[in-house]
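I opened the model today to look up a few things. These are my notes, in the order I took them.

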Amino acid sequence: MIKVKINGQEQSWDGDPSLPLLWYLRDELGLTGSKYGCGQALCGACTVMVDKEAARACITAISDVAGREVTTIEGLHPTGDHPVQKAWRQVNVPQCGFCQAGQIMQAAALLNQNPKPSHDQIRDAMSGNICRCGCYQRIENAVHLASTGV
Amino acid sequence: MTIIANPDSATSASRRGFERHLKVENVSRRAILQTLGLAGGFVLAAPLLSRPAFAAYETGAGKMPHGTVVDPKIFVSIAPDGIVSILAHRSEMGTGVRTSLPLIVAEEMEADWTKVRVVQAPGDEVKFGNQDTDGSRSTRHYLLPMRQIGAMARAMLEAAAAKRLGVPANEVKAVNHEVVHSASGKRLGFGELAADAANQPVPAVDSVQLKSPKDFRYLGKGQVSVVDLHDITVGKARYGADVRLPGMKYAVIARPPVTGGKVKSFDSAEALKVPGVEQVLEVKGWPWPSKFQPLGGVAVVARNTGAAIKGRDALKVEWDDGPNAAYDSVAYRAELEAAARQPGLVVRQEGDVEAALKSADKIVTGEYYLPHFAHASMEPPVAVADVKGDKAEIWAPVQSPGGTREDVAKTLQLPPENVTVNVTLLGGGFGRKSKCDFALEAALLSKTLGAPVKVQWTRDDDIQHDFLHTVSVERIEAGLDKSGKVVAWRHRSVAPTILSTFAAGADHAAPFELGMGLVDMPFEIANIQCENPAAKAMTRIGWFRSVSNIPRAFAVQSMVGELAHATGRDQKDMLLELIGTPRVVKLASVKDLWNYGEPYESYPIDTGRLRRVVEFVAEKGNWGRSLPKGHGLGIAAHRSFVSYIATIVEVSVDDKGKLLVHQVDSAIDCGVFVNPERIQSQLEGAAIMGLSLAKYGEVSFKNGRVQQRNFDDHPVVRIDEAPLVTNVHIVPADADTPPSGVGEPGVPPFAPALANAIFAATGKRLRALPIGNQLAT
């Protein structure tokens with residue numbers, strides 16, 4: 001039995017311990033905010049935070065997060081008003097929106113580590129997250145905005 | 001009582017019979033399977049307006065399957081609390097259409113946008129009109145119908161208020177969610193009027209007056225965010241992948257690695273040992289060419305997607321590779337090149353190109369190769385189906401809700417009335433989700449299993465089994481006279497056709513493909529010949545955002561750069577000289593000119609507008625500015641989806657061949673527009689997609705198998721290589737200019753502008769994409 005805290009709630013899993021966290025979140029718990037985009041940590045659509053650090057849920061086995069604290073987009077802020085979320089809305093970042101939960105979690109994790117990233121640091125830190133619609137300019141601007149006060 | 005509460009009560013429920021036949025002309029991406037006969041619903045036609053709002057213009061909307069429906073009782077409902085619900089009948093894949101079409105209705109009916117809720121319509125084209133969200137058509141086909149719907153709803157509200165107040169209808173006026181009688185100062189809210197308004201007769205479409213553009217609160221202003229913005233940022237927006245039903249099974253499918261192949265045998269023993277795997281079964285495939293039908297294969301069904309994927313990894317399948325096992329991209333390119341060097345089917349002919357080339361002082365030849373591209377939308381194909389008895393319900397991210405309904409009905413042999421297609425948000429589409437094979441897979445599996453099923457494509461599945469963008473060789477020979485004037489232009493375009501996905505042996509382009517940058521090439525040259533040699537398809541070819549315009553614009557606009565270099569002229573000056581005098585291009589020699597399905601009178605090829613976007617972008621983007629060493633500027637312009645776009649790209653290439661895009665400026669003339677903020681986002685995105693396909697875009701085959709699988713060997717552009725700045729400039733349009741496409745036309749000019757910039761920076765002329773390591777020194 002694996003115990004893990006997800007968005008502040010204790011959960012337990014007695015199935016396959018190698019099950020990727022992403023499918024546990026999405027299919028077993030119904031937390032569908034984290035997305036599947038590649039399954040190999042290449043696109044970042046599944047990004048969550050494990051103990052405040054960004055992690056790719058698609059290659060993180062549920063056993064790897066035993067006893068740890070996982071935050072998904074649903075748990076980032078109780079009213080959805082994390083500075084990154086607010087900045088995202090102010091800049092009208094999304095097009096299709098599918099990658100955005102992962103982008104937002106990556107950006108929030110970046111600001112945890114580095115509250116005032118430069119544009120180069122933003123482009124570097126966000127480079128694991130693909131947006132096929134091409135919202136990159138706005139992502140960069142929104143992270144910058146979030147870091148300077150929304 | 002609302003204006004309409006229950007969509008099922010609508011009157012037009014009877015299905016019109018439509019002859020199905022394969023005719024590929026004036027068609028949507030699924031109408032390839034459908035008739036071009038008189039479509040149902042309201043056909044947008046001329047004499048609508050008695051006062052100068054937007055002038056009436058005719059579009060091709062009426063020729064789309066099921067045409068256009070203009071009925072406020074279908075599209076608008078008002079609750080007693082005043083909340084106005086407006087149906088979005090097109091699919092949202094990131095263009096903003098789910099916001100912009102309802103916004104048009106709200107504008108005309110004087111609804112307060114903060115009191116509007118958008119409701120996504122299911123697939124039902126008899127009720128809603130055509131729903132194929134493709135071809136960059138939504139605004140150009142629906143601006144006027146949505147305005148009419150809004151104006152009709154407003155008239156019904158005003159009539160109800162006048163009756164209630166006992167005053168003539170012309171004394172009341174709807175203003176921001178109320179109807180006001182200014183003489184008495186009385187005001188009635190939309191909610192208070194809902195029940196009475198619903199009982200008013202629906203006014204005739206040509207009896208209602210549209211608002212004057214000067215009174216617009218929302219249209220053209222760009223101050224309205226998309227309706228799903230908040231949900232997207234908190235993870236609540238629901239895509240196809242996010243649908244969950246009680247008792248739902250999760251399935252992934254192992255599909256034949258070669259298009260047209262099938263299962264020979266399989267061994268499920270190891271797969272069934274994977275914890276969570278419940279069942280392994282064969283799924284039906286269709287013979288090549290399979291249209292939008294599933295490819296077949298072996299499905300692994302499990303309690304969650306992770307288990308299904310793991311089970312599939314453990315599955316052993318032997319395949320019969322079928323007729324395309326020899327497909328080899330290296331060999332195929334050589335075949336295309338050979339074909340492009342021989343005369344082909346002549347599809348446009350003006351003057352005598354052969355003679356003009358013979359007598360030319362100089363001939364500049366460019367032969368350009370563009371490989372297959374994969375769509376790679378961030379949400380891979382996915383669908384949920386629940387088939388019970390003689391009823392089927394689907395939840396899917398489809399660009400073709402109506403077509404999906406028809407195809408599910410046919411595949412399950414059910415009447416379409418028994419099939420419900422719920423349209424979720426699409427995590428990207430780019431043309432891939434115009435083809436509903438993934439929904440058909442889910443439907444077939446659900447029927448077999450007797451339970452709701454989600455079929456999830458992995459990224460590998462998506463790249464390996466896409467309906468790919470074609471692969472092409474474009475060869476252009478330009479003859480110049482002694483003065484450097486271009487007097488002859490021969491363009492041979494050879495590429496497998498989308499028709500081949502529908503008809504065995506189809507090997508020449510359809511009019512809709514010829515009309516994307518080949519026969520509609522607008523240059524003012526005395527002798528022009530366009531040819532289309534044959535090409536045999538060996539995989540599924542489909543529509544990819546902007547379709548054949550990508551290779552044609554790349555070739556034509558690269559050739560402009562080559563000619564500028566050959567004659568020592570500025571690229572922009574060369575481009576303007578070739579475009580020539582402002583005029584409407586006459587294409588008398590072109591049979592079946594497609595023109596994106598639009599009447600030529602409303603949407604002619606207007607070189608004045610093409611010149612204007614070039615001049616506009618040159619001015620706004622500061623063409624000719626001085627640049628640091630190693631930098632270069634490139635320009636390209638292209639008309640597609642009846643819009644005009646010009647793009648300037650500034651690049652630098654360092655001594656190791658590393659490419660950086662410093663600035664992009666794009667100017668678009670898309671006629672009258674609804675939401676400039678979303679036009680800007682579409683063009684920003686088009687630059688990224690254009691850069692992706694130029695740098696990396698390639699799906700190649702060996703032994704019939706796709707050689708790429710995921711974002712490691714099929715990279716796309718990431719944020720750290722995105723242009724440093726992208727500026728979008730919208731050419732102001734007067735209210736009489738019909739609206740035209742936005743979603744696709746930004747893509748085609750990007751890659752040639754980039755190639756021209758790279759040439760300016762380095763002197764290297766790129767004639768084949770992707771760039772890959774061609775810049776390495």
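**Entry 1: a strand in chain B**

I started with strand S22 of chain B, residues 643–653. I asked how many of its 11 residues are buried. Nine are, so the strand is largely enclosed by the rest of the structure. I note here that the model is predicted.

I then looked up the partners of S22(B). Strand S21 of chain B, residues 631–640, pairs with S22(B) in the antiparallel sense, over 10 bridges. Strand S23 of chain B, residues 659–669, also runs antiparallel to S22(B), joined by 10 bridges.

In S23(B), Leu660(B) stands opposite Ser652(B).

Next I checked the turns. S21(B) and S22(B) make a hairpin with two residues between them. Phe641(B) sits in that turn and has a positive phi of about 50 degrees. The hairpin of S22(B) and S23(B) has five residues between the strands. There I found Gly657(B) with a positive phi near 90 degrees.

One reminder for reading this region: in a regular strand, side chains alternate between the two faces of the sheet.

**Entry 2: chain B as a whole**

I counted 19 helices and 26 strands in chain B. Its C-alpha trace spans about 80 × 70 × 50 Å along the principal axes.

Does the radius of gyration of chain B agree or disagree with a compact globule? A compact globule of 777 residues would have a radius near 28 Å; chain B has 27 Å, so the two agree.

I also looked at burial and contacts. Buried residues make up 60% of the 777 residues in chain B. I took the contacts between residues at least 6 apart in sequence, and 80% of these join residues at least 24 apart.

**Entry 3: the sheet in chain A**

I moved to chain A. I found an open sheet of five strands, in the order S2-S1-S5-S3-S4, with mixed pairing. S2 and S4 of chain A are the edge strands, each pairing on one side only. From one strand to the next the twist averages 40 degrees.

I followed the pairing of S3(A) with S4(A). These two strands are antiparallel and share four bridges. Thr47(A) has Arg56(A) in S4(A) as its bridge partner.

What packs on this sheet, touching S3 and S4 of chain A? I found helix H3 of chain A, residues 100–113. The direction of H3(A) makes about 35 degrees with that of S3(A).

**Entry 4: two domains in chain A**

I read the domain assignment of chain A. It gives domain 1 as 2–73 and domain 2 as 83–148. The centres of the two domains, taken over C-alpha atoms, are separated by 21 Å.

I then looked at where they touch. Domain 1 of chain A has 15 residues in contact with 12 residues of domain 2 of chain A. On the domain 1 side, the elements giving two or more residues are strand S3 (47–50) and strand S4 (53–56) of chain A. S3(A) gives the largest share of that side, three residues. By class, the domain 1 side has seven nonpolar, five polar and three charged residues.

**Entry 5: helix H1 of chain A**

I asked which residues of H1(A) are buried. They are Leu21(A), Leu22(A), Trp23(A), Tyr24(A), Leu25(A), Arg26(A) and Asp27(A). H1(A) covers residues 21–28, and seven of its eight residues are buried, leaving the helix mostly covered.

I traced what covers these residues. The list includes strand S2 (9–13) of chain A. It also includes strand S7 (249–254) and helix H8 (305–313) of chain B. After H1(A) comes Gly30(A), with a positive phi near 75 degrees.

**Entry 6: where chain A meets chain B**

Last, I looked at the contact between the chains. It takes 49 residues from chain A and 48 residues from chain B. On the chain A side, the elements giving two or more residues are H1, helix H2 (83–91), H3, helix H4 (119–125) and helix H5 (136–148). Which element gives the largest share of the chain A side? I found H5(A), with four residues. I sorted the chain A side by class: 22 nonpolar, 17 polar and 10 charged residues.

Technical notes
Residues are numbered from 1 along each chain as its sequence is written. Chains are lettered from A and ligands numbered from 1 in the order in which they are written. A residue is buried if 20 or more other C-beta atoms lie within 10 Å of its own, exposed if 12 or fewer, and partly exposed in between; C-beta atoms are placed from the backbone. Two residues are in contact if their C-beta atoms, placed from the backbone, lie within 7 Å. The radius of gyration is taken over C-alpha atoms; the globule rule is 2.2 Å times the number of residues to the power 0.38. Two strands pair if DSSP finds at least two bridges between them. Domain bounds come from an automatic or database domain assignment. Ala, Val, Leu, Ile, Met, Phe, Trp, Tyr, Cys and Pro count as nonpolar, Asp, Glu, Lys and Arg as charged, and the others, Gly among them, as polar. Axes are lines fitted to C-alpha atoms, for helices over the stretch in contact, and angles run from 0 to 180 degrees between N-to-C directions.
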